[in-house]
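This report describes selected features of one protein model. Please consult the sequence and the structure shown below while reading.

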Amino acid sequence: MGATVRAVGLLAAVFSAWAGSAVAQSGPVRVEFGLLVLPQPVRFEEGTDTLAEGSDAALAPVVQFLAEKSYITLLRVETNAASFPEGAANIDLGRKRAERLAAWFGSHGVDCKRLIFVTFGSDKPAGPKGSPLNDRVDFAPARLRNIAIGGMPVDGNGITVQEPCG
């Protein structure tokens, strides 16, 4: 019990230091307010699940981040699709994009146990309706040393498209 309390205390201290500052650095990737900030955004061709040109370069720093930060044991990959006015079409597109990203990470050697893919469709806007900010991919550390960060659900309350492999 004492070791568990010490481990949880250490985990809380590490997370507090990480989350307490607005920004934590990691090479070309930084963490701001619980999300990875990449040197360039991951983009899809409009209204599709086809990765746009330059997406390999945008995703490579995420692979590097996971390689460098083994203590981040689960990273949530969130797709937000706002290509259609509203509703099920955005959820469907978000699912397809999440599946495409799962395949991309798998083909680039990322351990599937470290990733969970979710979609929010158009239900988590980052800007006003119609803004390109609403059509995006976000990456959020979800578990630190196998403990959910901040006691939040690892799916971030999104629609789980692909669970970490078993």
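## An exposed loop residue

N146 counts as exposed because its relative accessibility is 59%, where exposed means over 50% relative accessible area, buried under 20% and partly exposed in between (1.4 Å probe, protein chains only). The residue N146 lies in the loop between strand 6 and strand 7 (147-148); strands are DSSP runs of E of at least two residues, helices runs of H or I of at least four, both numbered from the N terminus. Although N146 and L74 are 72 residues apart along the chain, 7.4 Å separates their C-alpha atoms.

## Nonpolar cores

A nonpolar core is a set of buried Ala, Val, Leu, Ile, Met, Phe, Trp, Tyr and Cys residues joined through side-chain atoms within 4.5 Å. The largest has 27 residues, of which L36, V42, L101, F105 and F139 touch the most other members. Elements giving two or more residues to this core include helix 2 (55-68), strand 4 (72-80) and strand 5 (115-121).

Leaving aside residues up to four places away in sequence, L101 touches V42, F44, L51, L59, V77, T79, F117 and V137, contact being heavy atoms within 4.5 Å. A second, separate core of 6 residues has L74, F120, A142 and V154 among its members.

## Basis of the model

The model is predicted: local features need pLDDT of at least 70, side-chain atom pairs count only at pLDDT 80 or more, and totals for chains, interfaces and linings use all residues. Residues are numbered from 1 along each chain as its sequence is written, and side-chain values use heavy atoms, with hydrogens and water left out.
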